[in-house]
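Me: I would like to learn how to read a sheet and a surface patch. Please start with the terms.

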Amino acid sequence: RQVLWDQVWNCSIPALQPGAKIEREEASIIAQGLMNAQVFAHLGSAADFTDDDTLYRLLDNDDLAVVLNRQVLWAHSARPAVEVSCALLRQAIGLAHASGARNFAMVQEFQRTTCELQMVNLIQLPVEELRCFFINIFNVLVLHARITSKAPADCAQVVPRCSFFRNTSYQVGKYFYSLDDICRGILRAKKCLFLDCDPRVHFALSYGTPHTPDARVFSPGTLDEDLDACAAQFCAGRVRWDAAAKEVVLPLLFEWYRKDFAPTTAGLLEWIAPHLPPSEAAGVLALAKDKDLKVVYE
């Protein structure tokens, strides 16, 4: 694989010399900290640092943030945060999936309405409302970028896509949140002290690729049931197994965010099983105990 080394570098930790004062595990922890501080970024997704041949990109001053909801300064009070997120997502889904040419006036009105986020108050918001808000807003932001042609045209072009997730942002209250801030920092709890990582959010976030689900509106009152339903819907037909070949086929999403689900392959399959039909779950659980199990991601 050929790359431009002034843009991309291989961050695999080299073998340490005898007597070195740092262990590879410690070095990996340091690397993850540098990644969280945005010194460098994963090329393909918001996945964690791994000590292997994965490629990463150093960040520089050319990585400029694009704030999509600054067309006007919102001079009014804002509705409750979750209400705003639900209304915006309904608008965005309608515009993104409308047939024929887009209505320019409706797009302008949508862009103006996103500016209400400037006055949204997240202080003392209950945990489930906060989680619900950021799931909805992540999906609004992705769709907003698609509607206004700010998203990469080719999902296979990894560097532009990485920059897109790191730099595309909204102003929410006094703060700016990029797609990466929302996914990695808040929903995956890498920079957030008040939310735990609920792996089911991965089945609610739409990245606009074939490997992720379609966007839908979430409400706090039914969030737990809806996330369970999303997990079951995503796994249905995508998780396959062959007892004779001792093989399980999983969607790429489970490889990208494997650490969020379980530390081991067996643990990952045990997490997936309850979200499958009973007959499928039994087969997957049986294979999880097999030492010769092969897992394929596609």
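Reply: Two strands pair if DSSP finds at least two bridges between them. Helices (H or I, at least four residues) and strands (E, at least two) are DSSP runs, numbered from the N terminus. The model is predicted, so local features need pLDDT of at least 70 and side-chain atom pairs pLDDT 80 or more, while totals for chains, interfaces and linings use all residues. Residues are numbered from 1 along each chain as its sequence is written, and side-chain values use heavy atoms, leaving out hydrogens and water.

Me: What is the order of the open sheet of 3 strands?

Reply: Strands of a sheet pair through backbone hydrogen bonds, either parallel or antiparallel. Here the order is β7-β8-β9, with mixed pairing. β7 (240–242) and β9 (294–297) are at the edges; each has a single partner strand, so one side of each lacks a neighbour in the sheet.

Me: How many bridges join β8 to β9?

Reply: Strand β8 (residues 247–250) runs parallel to β9, and 4 bridges join them. V248 has V295 in β9 as its bridge partner.

Me: Which residues form the nonpolar patch on the surface?

Reply: Like charges are joined within 9 Å, nonpolar side chains (Val, Leu, Ile, Met, Phe, Trp, Tyr) within 5 Å. Areas come from the Shrake-Rupley method with a 1.4 Å probe; for residues, only the protein chains shown count as cover. I30, L34, V39 and L58 form this patch, with about 320 Å² of accessible area together. L58 lies in strand β3 (residues 55–58).

Key: Patches are made of residues with over 30% relative accessible area and no salt bridge: like charges are joined within 9 Å, nonpolar side chains (Val, Leu, Ile, Met, Phe, Trp, Tyr) within 5 Å. A salt bridge is a side-chain nitrogen of Lys or Arg within 4 Å of a carboxyl oxygen of Asp or Glu.
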